[in-house]
Structure formats: C-alpha cells, structure tokens
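Dear colleague,

Please find below the structure for your study. I would ask you to keep it open while you read the notes that come after it.

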Amino acid sequence: MTGKTAPAAKKPAPAAAKKKAAPAPKEGAAPKEGAAPKEGAAPKEGAAPKEGAAPKEGAAPAPAPAPAAATEEPPAPEHPPEQPPAPTDESAPIPTEAGAEAAPVPAEAPPAEPPAPEPKVEKPKEEPPSCPLSLAVEEVSENSFTLTWKAPEQMGRAGLDGYVVEICKDGSSDWKAVNQEPFLSTRCTVPDLSSGDKIHVRVVAVSASGSSAPATLEQPVLIREILQLPKIRMPRHLRETYIRRVGDAVNIMIPFQGKPQPEVSWSKGGQPLDSSRINIRTTARDTIFYIRQAQRADSGKYELTVHINGAEDKATLDIQVVEPPGPPQNLKLVDVWGFNVALEWTPPADNGNAEIKGYRVQKSDKKSGKWFTVLERCTRTSCTISDLIIGNTYSFRVFSENICGLSDSAAVASGVAHIEKTKSTYQPEKIPQRDMMEPPKFTQPLTDRTTTRGYSTHLFCSVRGFPQPKIIWLKNQMEIREDPKYIALIDQGVCSLEIRKPGPFDGGVYTCKAVNPLGEASVDCRLDVKGES
C-alpha cells in the first residue's frame, strides 16, 4: 500500500490547546493499536503518516494536534497498526514521568451517535391533604372551649391519619399541640385554660404524605363564662297528653339549657314527687322522668322548673294512664217487630280513665250458638238490628270500647227475640188514571216520490192517537182494498205502503187516513212512475 498525503487539518481551537494534558501510561505500557509513539510531541501541521500507517479508505483525515514543544517527526512503529488512527478534533500531549518518553493519545474514529436515552418517569409525589374546613367554636366556658370542623376536601392517596390541634396565647408565638397523637374526631375540647385568656387556634390534617395547611380562626377565643338564660326544650310529642297503659313503663327525657348549671325541680299539684314511685335523674343538659310500672293514680300534670339566679323556665307534662273500660250497663231488649229488634243500654261505670269511643253489638242465634258482630263503633247507647231470619231466636250482647280497646266483658240482654212470621195483606197503591184519549194526528206527512217502472217503492208517514187509530190507504180517492200489489203495515205509529213493481197506471195521488172514535186525519202525496231509459 502506498502512502497518501493527508490534507491539512484545521487548526485546533485555542481552548483545546490550553487543556491540561492527561497523565501518560507508565513505562513499559503498550500503546493502543494504530497509535504512533512520539517523543513527547505531536506532529506538525500537514505532516503525512509513513507507509503502512495510512488510514483506511473512507476514514476522515486527522486534524492537526495542538502545538507541542518537539517538532521532529515521530518514527513509524515497527508493526503497522491494524486500523488507522481516527481523526479527533483535539489531541493533547501526554506528560510522562521523569526520564520517560511521552506517548501521544492516538486519534480514534468518531463513534456512532448513541441512541437517545429514554427519559426517566419520575413518580408523582404524594400531595398532603388540604386544610380542614369550617373551623368554628361550639362552646366556651370559664376554663375551656370546644372546637368543631369538617374533614378536608382532599385526603391524599395515603389517607388521613388524623388531626392535630394547636393553641397559642395572644401576643405569643409559641404554638403548643393539644393532642400529641393525631385523632380522627372532628370535635375537640381544649381544657385547663385560665379565664380571661385569648387563645389562637389552628387545626392541621396529618397523613403519611405530610401535613396540610392549618385551618385557623380569624379572631382569638376569649375564655370566659357565657351566661345563658334557662330554657326547657320540651319534645313535640310531650306537648300533648302523654298516654300510657296500666303496667307500662314511663321513661321520658326532657333536655334543657342554661349557664351556669341550672337547678331542676319537679312537682305535681304543687307537691314534691313520691320518690318511691317516680325516679328523677338530672344531668347537665337533660332530666329523665321514670316510672317502672304506671298506675292510674300516676295520671296528672307534672310541673318541671329550671332556674338560675332568679331566672326560671317552666313546662308542664300531662300524663294519662289508661286501661280497658268496664262493660255497658242496663242492656235491655226494647221491642221486636217483623225482622227487627231494638236495644238500649247505659254507659259503663268505669271508662278506663279514657273517653268511650263507641260500642260493639253482637248477636247469636239459638241454632248455632255463635256470636256475630252486627255493629262496630256505635256511638249511641241504642240501636236497631234488622234483617233477622224468621223462625230464629236471637240473643244480644254489647262491648264498650276506648283507646285501649274493648272491655274485658260484655253486657248481655236478659231477654231473647223470637222472629215470628206475621200475616199481612198486600194492598197495591191506587194510582189515579190519566186521560190518555187523543184524536189521530200525523207527526210525519207523506212526501212526493218519483220511481222507475218495475222497481218497488215505499211510502212512509207517522201518526199518533189513542185509542190506536185505524189506517186506510186511498189512491186517487179510491180505497185500496185487498190487492196483492199493495202491502200496508203499521208499527209503533209508523205507517208504510209498499207498491210492488209499479207500472205507468200506478202513478197518482196516494192518501193515508187515520180514524179513531175521537176523529180522523189524513195526509197525501203524489207518485210519478217513469219508464226505463
């Protein structure tokens, strides 16, 4: 292979010439393939490599290295390299150890552009929860206050661990946590405070991904006793009469409010309650009225009084203890006629401490002996029972009924009712006869007609009268007698005359006459018969 003269390389940039030389390999180290060792200096510009060291065809010419101290051309290596040195933009001399020759860094072919590295997908950071909502003060006392709030809108992926409440006195920046560990409740009472202090508050939502922004109050909380007038919160169902049955338990809770703690007292008719029958338990917010087994004597109006330092509020609890009523009294059979029986009675002596809603009446026939209800909720003290069967003998009884139900027993009539068959003569009512007599009168006259020869035709009219009039048909003032060519009919006052297959001589004036004992009437028409065209 013949050596070729390499084209002159571009001068290196000044910045490349000023770079520090990389340390050279130690003595005895073999140079890289294709690298021509030289005595500590790079070849001059335009210097061509010797035979056997020329680059392969297609290789780019090596640019001139940075200027070096030595200007002599380096000797060719004893064994030519398998591959020519690749051109490099910069080449710097390699410093050597003391007394050792410097070996230049060989120029290598530019490597192919590596593929662009795939961008690393960073995992999104878990966001902390948002701040709690609707922070408010629920209650303030002389040494504590109570906060409430709502859960934040954003909980975060990790979920919510709880809340931390922090307080700080007004004028200080030292925030102290009320709870050491987060809790999930949205209500917190801050105790052990001094009256008159102004406390700033903030609440933080905590999760595994961090803490939220704090929710704060716009104004500090002033620790002081808030006076509140006494007020009884009577439940709606207790504003009316409270009804219980005998033997039932009475357990009533009535809430109230007031600050400071009000005094509660119960009374009945201005007298204190019997503690052996009625148990009263009062808390800071309500009072409980309890009777284990109610009796009718427990009925009445109970007064509840709540008072604070001269101010008071009163409420009345009306209790009614009821039981089923007694049976009606003085039930008797008043009358029996035809298929009917009349009964009467008086109200029961004991109404069960409740209003009587009505009475239930039952009957029993002697044959079956079974009782059947004939009236329910009868509000009167008398009744009439109908539709009894002839030949049967009946007994009757009556129950009274109140809000608890029917009486335990019934009042039974002392007598029985025997339904007998009575003889009676039917006399039809006499209806005055109306004079219906009327002379004949035509309500629909005959009408002129035109017909075709050989085609049957009909003449119609209508008449009324009483007695029913006799109908006479005439043609050209001549009475039509029994002639098969003519058929005369009358139905419900409608008169008709059929002329069968009329001919030219059947034309003329036709008359219908109605006659009865009160008079007569007539109508006529003209019939024209035309030949076939």
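The notes below concern aromatic rings and the charges placed over them.

This is a predicted model, in which local features need pLDDT of at least 70 and side-chain atom pairs count only at pLDDT 80 or more, while totals for chains, interfaces and linings use all residues. Residues are numbered from 1 along each chain as its sequence is written, and side-chain values use heavy atoms, with hydrogens and water left out.

The structure contains seven aromatic pairs (rings of Phe, Tyr and Trp, the last by its six-membered ring, with centres within 6.5 Å; planes under 30 degrees apart are stacked, over 60 edge-to-face, the rest tilted). One of them is the tilted pair of W149 and F183, with 6.3 Å from centre to centre and 50° between the planes. This pair links distant parts of the chain, 34 residues apart: W149 belongs to strand β2 (residues 145-150), and F183 to the loop between β4 (176-177) and β5 (187-190). Strands are DSSP runs (E, at least two residues), numbered from the N terminus. W149 is buried, at 5% relative accessible area (buried means under 20%, with a 1.4 Å probe and protein chains only). W149, F183 and Y163 form one aromatic cluster.

The pair of W345 and Y359 is edge-to-face, because its planes stand at 70°, with ring centres 5.5 Å apart. W345 is buried at 4% relative accessibility, and Y359 is buried with a relative accessible area of 4%.

Finally, the charged end of R397 sits over the ring of W371, 4.4 Å from its centre (CZ of Arg or NZ of Lys within 6 Å of the ring centre and within 35 degrees of the ring normal).

Yours sincerely

Methods. Helix = DSSP H or I, 4+ residues; strand = E, 2+ residues; numbered from the N terminus. Buried < 20%, exposed > 50% of the residue type's maximum accessible area, 1.4 Å probe, protein only.
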